[in-house]
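Please read them alongside the coordinates.

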Amino acid sequence: MQNVAVAPSVDLLEVFQTRNGSVFQSDSQKCWYVNFAGHNNRFDYRSIMKLRKAIYGIDIEALLLSSDKAPDIEIVFICACDHCYVLTLLEIIAFKELIEGTFVMLELNRILHDRVYRLMA
């Protein structure tokens, strides 16, 4: 994880990064910053879990196999959040990769923290 200073009072740790975006964690503000599609949005724990559920709920295979003439876009709106994403099919795949990687890193961090403190006790 990499320390990145955005503002003098905010210290961010990089959780995960791809070519298309990145996710940073702020321990002092107890939130995450998701940088994707040119937007940097702030999410608390409840909101990032809702974002994860919304992104995982998109059936990419059905969108790929659909013969409808509707555009291949999805609008991801999270209730109780000011953020709305309008994503193309390729952006959905890239965003899903970013969110999956983020939660893998958070789980890995939790496992390491648990093992280290278990050994010390």
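1. In the hairpin formed by β6 and β7, six residues lie between the strands, and A80 adopts a positive phi near 70° there. Strand β6 (residues 73-77) runs antiparallel to β7, and five bridges join the two; strands pair if DSSP finds at least two bridges between them. I75 is placed opposite V86 of β7. Helices (H or I, at least four residues) and strands (E, at least two) are DSSP runs, numbered from the N terminus.

2. The model is predicted: local features need pLDDT of at least 70, side-chain atom pairs count only at pLDDT 80 or more, and totals for chains, interfaces and linings use all residues. Residues are numbered from 1 along each chain as its sequence is written, and side-chain values use heavy atoms, with hydrogens and water left out.

3. H83 belongs to the loop between β6 and β7. H83 counts as buried because its relative accessibility is 16%; buried means under 20% relative accessible area, exposed over 50%, and partly exposed in between (1.4 Å probe, protein chains only). Not counting residues up to four places away in sequence, H83 touches N41, R42, F43, V76, F77 and I78, where contact means heavy atoms within 4.5 Å.

4. Most residues other than glycine have a negative phi. K30, in the loop between β3 (21-26) and β4, has phi near 55° and is exposed, with a relative accessible area of 69%. A37, in the loop between β4 and β5 (39-43), has a phi of about 55° and is partly exposed, at 40% relative accessible area.

5. The largest nonpolar core has 25 residues, and V34, F43, L51, V76, Y85, L87 and F95 have the most contacts inside it. Such a core is a set of buried Ala, Val, Leu, Ile, Met, Phe, Trp, Tyr and Cys residues joined through side-chain atoms within 4.5 Å. At least two core residues come from each of β4 (31-36), α1 (45-56), α2 (60-65), β7 (84-88) and α3; α3 gives the largest share, eight residues. Beyond its neighbours within four places in sequence, F43 is in contact with residues including W32, V34, L51, I78 and Y85.

6. Which residues does I92 contact, leaving aside neighbours within four places in sequence? They are I58, I60, L63, E74 and L87. I92 is found in helix α3 and counts as buried, since its relative accessibility is 0%. I92 and I73 are 19 residues apart in sequence, and their C-alpha atoms are 8.4 Å apart.

7. K96 sits in helix α3 (residues 89-120) and is buried without a salt bridge, the nearest side chain of opposite charge being E100 at 4.6 Å. A salt bridge is a side-chain nitrogen of Lys or Arg within 4 Å of a carboxyl oxygen of Asp or Glu; Lys and Arg count as positive, Asp and Glu as negative, while His and the chain ends are not counted. Apart from neighbours within four places in sequence, K96 is in contact with I55, Y56, I58 and I60.

8. Zero disulfides are found in a search of the whole structure, a disulfide being a pair of cysteine sulfur atoms within 2.5 Å. C31 is buried at 1% relative accessibility, whereas C84 is partly exposed at 44%.
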